[in-house]
Amino acid sequence: MFSARVFLSPIAILVALSATWLDTRNVRGADAEFGPLYHEFKLTLEPGHREEVVAPLYYQQVSGKPGDTLRLWAVAPVFSYARNDDVDYEQFDFLWKLVSYARYGPEYRFQVVQWLSFSGGGTQSGTNVSRFTLFPIYFQQRSAIPEKNYTALIPVYGTIRDRFFRDEIHFILFPIYGQSRKRDVVTDNYLYPIFHLRHGDGLHGWQVWPLFGTEHKDPTSPLNNWGDRPLVPGHDSFFVLWPLFHDQRTGLGTTNLVHQQGLIPLYSFLRSPSRDSFTAPWPLGFTHTADREKKFEEWGAPWPLVVFARGEGKHTDRVWPLFSQSHNATQTSDWYLWPVYKYNRLHSGPLDRERTRILFFLYSDTSQKNTGTGLRQHRVDFWPLFTFTSDYDGRRRFQMFSIVEPFLPNSTSLERDLSILWSPWRSEKNPGTGQSSQSLLWNLYRRDVSPGAKKCSLLFGLFKYQSGPEGKRWRVFFIPFGPKKSNPAPAPH
């Protein structure tokens, strides 16, 4: 049987060493500057301290407020380790996402490029569950509750529970035989996907794909966990020579009966109390839609290339790829010479979000505003030249260059592991504290400003300027000039 210890031992050693190293470090005063060789400084955008050695290859930092302190150690781009003891969280990345380990309390996950993974932790029943996956060949789960245990060796034999959008999957020499269950619906597959039998509460059906298939479900009212019996609508469906002809009726037993039918490529239609739509020929033919619920009428010829819609719920003029203008009460979507220029807006209080893009990710400008508080965050990406961000507190950051960030704008692991490698210029400003900083060529030149104090360092600290309450000081080739810092008076005995 596979053991997680075999795979986790090397990672655990690295994590333990880095954790021990972090614990033995004391946050010192930010007064050592030797350019990219060694530089220590206070963080600008949040409380904390950072040290960079042989930048951009190595750094370590401690950040956050008491009660929520994050310790971070990284050798870019090889690995990074982050730990927050206050919330019992840690994360380790090796070669960015090639190998990763994350733990939050008792919950943990170790994976190798989504192919091999271990995971485990508590469940709602309070029982620990551990999983091992060698995707897509081997799946295993172990728990103190026998009903939760499973083992699957694809395609030979096995059972899988609560994965792949199914409550349970059982197979023997798949695709010869496989059975899946989703709530009360059980599907038996033979020579998947050619033949299947399906049954459930008021449901039965079968298919010989792609020749013929049929399914019927009666309206039912099963008892739920709250002791109620809500109505579950029924349906009727069948197909012949899929996808050439299909017919489906849903919402049986309700006032919202929906009828869909298609004879491809001649026509397709949908009929319901709230919406009617007809297309002929399908899919690039004349389309007419009347949506009574959303209150608009739409014509397309051929849809979706040329579309015009009018009504309270939608107003659209589109001639692809020349232009498109579409809006309703809460959303706006415009583009010109697709994909040269695209604009989207969502205005649904208290959220007001706008995004402008040129050539997909070449240029992107996104702003998001809370209309109730008036606070706003802003992000601009110009690939591969720069990324600019401003959060709700007004804290701003500018980075040059930006190679992957426009494609993964919310990836913290990308920022930890890779961004520093291609960022020769970094600029940050925190209006809440009055602090700002600029770094060129990984601190070959660095400038830090805070209320009442300023500090500049150039060429490995050969040239340094500092001003503060004690006055102005210079250092040229390590020779100091200016007033010395006075020593505090000794405390009285």
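**Figure 1. The hairpin of β4 and β5 in the predicted model.** β4 and β5 form a hairpin with two residues between them. In the turn, Gly67 has a positive phi of about 95°. The pairing of β4 with β5 (residues 68-75) is antiparallel and counts eight bridges. Tyr59 has Ala74 of β5 as its bridge partner. Six of the eight residues of β4 are buried, so this strand is largely enclosed by the rest of the structure.

**Figure 2. The hairpin of β3 and β4.** β3 and β4 run antiparallel and are joined by six bridges. Glu52 stands opposite Tyr59 in β4. Four residues lie between the strands of this hairpin. There, Val54 takes a positive phi near 45°.

**Figure 3. Pro56 and its contacts.** Pro56 sits in the loop between β3 (48-53) and β4 (58-65). Is Pro56 buried or exposed? Its relative accessible area is 13%; because the cut-off for buried is under 20%, Pro56 counts as buried. Leaving aside residues up to four places away in sequence, Pro56 touches Ala76, Ile420, Leu421 and Trp442. Ser411 is 355 residues from Pro56 in sequence. In space, the C-alpha atoms of Pro56 and Ser411 are 19 Å apart.

**Figure 4. Two nonpolar cores.** The largest nonpolar core has 13 residues. Which of them touch the most other members? They are Phe92, Phe110, Leu116, Phe118, Phe132 and Leu134. Two or more residues of this core come from each of β6 (79-84), β8 (99-104), β10 (116-121) and β11 (129-134).

**Figure 5. Strands β30, β31 and β32.** β30 (residues 323-327) pairs with β31 (residues 331-336) in the antiparallel sense, over five bridges. These two strands form a hairpin with three residues between them. Gln325 has Asp334 as its bridge partner in β31. On to the next pair of strands. β31 and β32 (residues 341-348) also run antiparallel, joined by six bridges. Asp334 stands opposite Tyr343 in β32. The hairpin of β31 and β32 has four residues between its strands. Leu337 in that turn has a positive phi of about 50°.

**Figure 6. The largest pocket.** The space in this pocket is about 1,600 Å³. How many residues line the largest pocket? There are 50, and the closest to the centre are Leu45, Arg379, Thr389, Arg397 and Glu415. By class, the lining of the largest pocket comprises 21 polar, 18 charged and 11 nonpolar residues.

**Figure 7. The second largest pocket.** Its volume is about 930 Å³. The lining has 33 residues. Closest to the centre of the second largest pocket are Arg166, Ser180, Lys182, Thr187 and Arg198. Which strands each supply at least two residues of this lining? They are β15 (166-172), β16 (177-182), β17 (185-190), β18 (195-200), β19 (203-208) and β20 (212-217). The lining divides into 15 nonpolar, 10 polar and eight charged residues.

Technical notes:
Residues are numbered from 1 along each chain as its sequence is written. This is a predicted model: local features need pLDDT of at least 70, side-chain atom pairs count only at pLDDT 80 or more; totals for chains, interfaces and linings use all residues. Side-chain values use heavy atoms; hydrogens and water are left out. A nonpolar core is a set of buried Ala, Val, Leu, Ile, Met, Phe, Trp, Tyr and Cys residues joined through side-chain atoms within 4.5 Å. Buried means under 20% relative accessible area, exposed over 50%, partly exposed in between (1.4 Å probe, protein chains only). Two strands pair if DSSP finds at least two bridges between them. On a 1 Å grid over the protein atoms alone, a cavity is a set of points where a 1.4 Å probe fits but cannot get out, and a pocket is an open set with protein on both sides within 12 Å along at least five of seven lines; lining residues have an atom within 4 Å of a point. Grid points are joined across faces, edges and corners, and a volume is the space filled by probe spheres set on the points. Ala, Val, Leu, Ile, Met, Phe, Trp, Tyr, Cys and Pro count as nonpolar, Asp, Glu, Lys and Arg as charged, and the others, Gly among them, as polar. Contact means heavy atoms within 4.5 Å.
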